[in-house]
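Trainee: Could you take me through this model, one question at a time?

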There are 2 protein chains.
Amino acid sequence: MTLLTDPAAPTACPSDAAPAPDFGNATGLVCRECGAHYPLGAAYACVECFGPLEVSYDLSGVTREQIEAGPASLWRYAPLLPVAAYAGTEPNLQPGMTKLVRADNLGAALGMTAPLWIKDDSGNPTHSFKDRVVAVAQSAARRLGLTTLACASTGNLANAVAAAAARAGMGSVVVIPSDLEAGKTVTTATYDGTLLAVKGNYDDVNRLCSELIGDPVTETWGFVNVNLRPYYAEGSKTLGYEVAEQLGWRTPQQVVIPVASGSLLTKVDKAWRELTGLGIIAESPYRVFGAQADGCSPVARAFADGLDVIRPVKPDTIAKSLAIGNPADGPYALDAVRRTGGAVASVSDADIVAAIRLLARSEGIFAETAGGVTLATFQRLLATGQASRDAETVLLNTGDGLKTIDAVSGVVGPTAVIDPRVDQVHEVLAPR
Amino acid sequence: MTLLTDPAAPTACPSDAAPAPDFGNATGLVCRECGAHYPLGAAYACVECFGPLEVSYDLSGVTREQIEAGPASLWRYAPLLPVAAYAGTEPNLQPGMTKLVRADNLGAALGMTAPLWIKDDSGNPTHSFKDRVVAVAQSAARRLGLTTLACASTGNLANAVAAAAARAGMGSVVVIPSDLEAGKTVTTATYDGTLLAVKGNYDDVNRLCSELIGDPVTETWGFVNVNLRPYYAEGSKTLGYEVAEQLGWRTPQQVVIPVASGSLLTKVDKAWRELTGLGIIAESPYRVFGAQADGCSPVARAFADGLDVIRPVKPDTIAKSLAIGNPADGPYALDAVRRTGGAVASVSDADIVAAIRLLARSEGIFAETAGGVTLATFQRLLATGQASRDAETVLLNTGDGLKTIDAVSGVVGPTAVIDPRVDQVHEVLAPR
């Protein structure tokens, strides 16, 4: 890992004379492993132990009323994020406050006796939860004087970064593997930032981005998921805040979250612990479940084997947005799952497709493959008795089926192809 | 046209003994040509003169406060729609209250001296404004005891109908031409209603649907855009209401609206006249502009020629969601445009693609081809002096670029394809 700041060094600022950047209630960065403290800046790894850095806060005084008085976007949670109070008024895509859908049809299909909900983050501006994390990273980039948003991505993040940068009049540099589906490449390219297609796989892309950090050419760049990662990751907390607020300021009894790096799962749990700690919601037990695809299930495997360490895998699944073989936050995700009495499980590609179809026909929600992973894993957890049918449950749908349409092409199609004649309609509709 | 009810006949009800269905403040159907009155029912054409029927209301007593107290969806406007007050609590996709985006970057690119806004209806559940009209038609279907939603469509409407029916546990029958793009077919099919692919073009599909009305097999069907059309069309008013409310209860000076059937344009104008008539907004002049593609521009041609009658054309454009060669509401759209001092113009397919790219790079909004038509037409109207740079303007983006990705494929792509090496990044980024 490349280190950007030294614990003793001042925060990165456009100039030494500038006042300290305004990160709202955030007070610094803390190593999740050894607890070392660092000033707020474009740093992401501890110089002492190489552990990942996380934002620390002074949240005393944040109230439910303050949040409820905020805008109908994730910026209502600004007091709980590493952003200035005015961050939401700067040009950005205004993500968040997506729908929490009461899924009675799906619940009935699954034999649920308690309420089932879908938190549908396909309603975000570029149709995935990545708009949340990019919005917070973009705000941090501004505070740190960085004028270009960069990332390594295979799809959703690429869209989110290129669009957010365009809205804000910032530059963008998105680095992708050159063999990506044309749809994802075309969407990103339309926003007209710099799009670098790398001859290699996602690991090659990631390595190149790490090598670029510290290079003079990237002096004004913020890699949202590398050197801005502590801020970026905090954006995922807003999914947890919203679920709690939309349920009337309480937590569900079960939540199922797709696991790629594992960050989202840990942050939803963190959000609920924060709200509880602040007295904004009453303490109530909840169980956190993680969902993976069989073709990339290192966290599910570690859970099943009772291990704390994640053994990296080479991904091979249609759920490409979850295809991280060496998930950085996997151990922390395991902690949250075990602490809350949850589980991590995985499902086959066929299960994923079946679940996409079940969600679409029961609730009219067309999820990307990650959403199929989440629902299919919940079905599996119900079947094994690890999850309960009589516990109120929220499933997170983090993306949109329009972006992974190949997953269902060839599986679904017209009921019938007919001539334009009424008698042929009769024939199709006749009871068999 | 097939007529479903006789002026003297009672409204269609599940049973004669049932109470009159609750359509809120709607009082009946009125012929737009001869003014004949009909009871509320699944009727859409006048038996006297074959003119189209429109919903009439008693809106006295509707207040701004009543609307503002409503939910954050189009159901806040229930008092102004042909729906029961409780319609929004029945299972539906909860469309509406999409973002009104302040488009300063785009405004600067166009040389605007007054504010420019994008009303971005790609934020609806199935990513087009069709979710609005379907929601109102679905409510009418329920009131009329119809249990299956049907439509003829080439894309956005098919998605919206199949998804809305799935959410509500209703049946759906979507009729499409068999040569549709696979993406649109697959998305619709995933919701798992009945999807009939007709060997023929959209005219054949339409004719088949008209023939099916009155057929016993469709007794419980509501064709949203045929026999439920008066209700369906009123759903478009919500786009106008939202723009006015989101501007702080006022109208812009200019609005640019894509024209397919012409219905949307007339309903936005109707919404603003209603709000003015109710005293909810102050009367202020506005100009309504219509946008078409050169390859399907019958309304633009009639406007240019000073005619009241629309001469049908055979569509040939990439803007397939606007490809209606014989637009039913074209004459009414012309009326609204001429009354307000607006204009209708059209643009080439190349202009459409260029405008999609301009909107994406300036504001991070990836529009479908119809959105490109709207922006490109505004650029043309500015160039000819028919629209003004110093008048506050709203452009309606009615759909999502992910559904018409072929329009930009082959035009955009990666900045460069490189090996995973820092020196190759340097090379790409070097000033030329």
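This is a predicted model: local features need pLDDT of at least 70, side-chain atom pairs count only at pLDDT 80 or more; totals for chains, interfaces and linings use all residues.

Mentor: Residues are numbered from 1 along each chain as its sequence is written, while chains are lettered from A and ligands numbered from 1 in the order in which they are written.

Trainee: How many helices and strands does the secondary structure of chain A come to?
Mentor: Helices (H or I, at least four residues) and strands (E, at least two) are DSSP runs, numbered from the N terminus. On that basis chain A comes to 14 helices and 14 strands.

Trainee: What radius of gyration does chain A have, against that of a compact globule?
Mentor: The C-alpha trace of chain A spans about 80 × 50 × 45 Å along its principal axes. The radius of gyration is taken over C-alpha atoms, and the globule rule is 2.2 Å times the number of residues to the power 0.38. For 432 residues a compact globule would be near 22 Å, and chain A agrees, with 22 Å.

Trainee: Which strands stand at the edges of the six-stranded sheet of chain B?
Mentor: The order in this open sheet of chain B is 4-5-13-10-11-12, and the pairing is mixed. Each edge strand has a single partner strand, so one side of each is left without a neighbour in the sheet. The two are strand 4 (99-102) and strand 12 (344-347) of chain B.

Trainee: In strand 13 of chain B, what is the bridge partner of B:Leu116?
Mentor: Strand 5 (residues 116-120) and strand 13 (residues 393-397) of chain B run parallel, joined by five bridges. The partner of B:Leu116 in strand 13 is B:Thr393.

Trainee: At what angle does helix 9 of chain B run to strand 10 of chain B?
Mentor: Axes are lines fitted to C-alpha atoms, for helices over the stretch in contact, and angles run from 0 to 180 degrees between N-to-C directions. Helix 9 (residues 263-277) of chain B lies across strand 10 (254-258) and strand 11 (287-293) of chain B. Its angle to strand 10 of chain B is about 150°.

Trainee: Is helix 12 of chain B roughly parallel or roughly perpendicular to helix 13 of chain B?
Mentor: Angles under 35 degrees count as roughly parallel, over 145 as roughly antiparallel, 65 to 115 as roughly perpendicular and the rest as oblique. Helix 12 (residues 349-363) and helix 13 (residues 369-384) of chain B pack at about 95°, their axes 7 Å apart. That makes helix 12 of chain B, relative to helix 13 of chain B, roughly perpendicular.

Trainee: And helix 4 of chain B with helix 5 of chain B: roughly parallel or roughly perpendicular?
Mentor: Helix 4 (residues 156-168) and helix 5 (residues 182-190) of chain B have axes 8 Å apart, at about 10°. Residues are in contact if their C-beta atoms, placed from the backbone, lie within 7 Å. B:Ala158, B:Asn159 and B:Ala162 of helix 4 meet B:Lys184, B:Thr187 and B:Thr188 of helix 5. The two helices of chain B are therefore roughly parallel.

Trainee: What is the sense of the crossing of helix 9 and helix 11 of chain A?
Mentor: Helix 9 (residues 263-277) and helix 11 (residues 330-340) of chain A pack at about 45°, with axes 8 Å apart. That makes helix 9 of chain A oblique to helix 11 of chain A. A crossing is left-handed if the near helix is turned anticlockwise from the far one by less than a right angle, and right-handed if clockwise. This crossing in chain A is left-handed.

Trainee: Which element gives the most to the side of chain A that touches chain B?
Mentor: The contact takes 64 residues from chain A and 64 residues from chain B. Elements of chain A that each supply at least two residues include helix 4 (156-168), helix 6 (202-212) and helix 14 (422-429). With seven residues, the top contributor is helix 5 of chain A.

Notes: Two residues are in contact if their C-beta atoms, placed from the backbone, lie within 7 Å. Two strands pair if DSSP finds at least two bridges between them.
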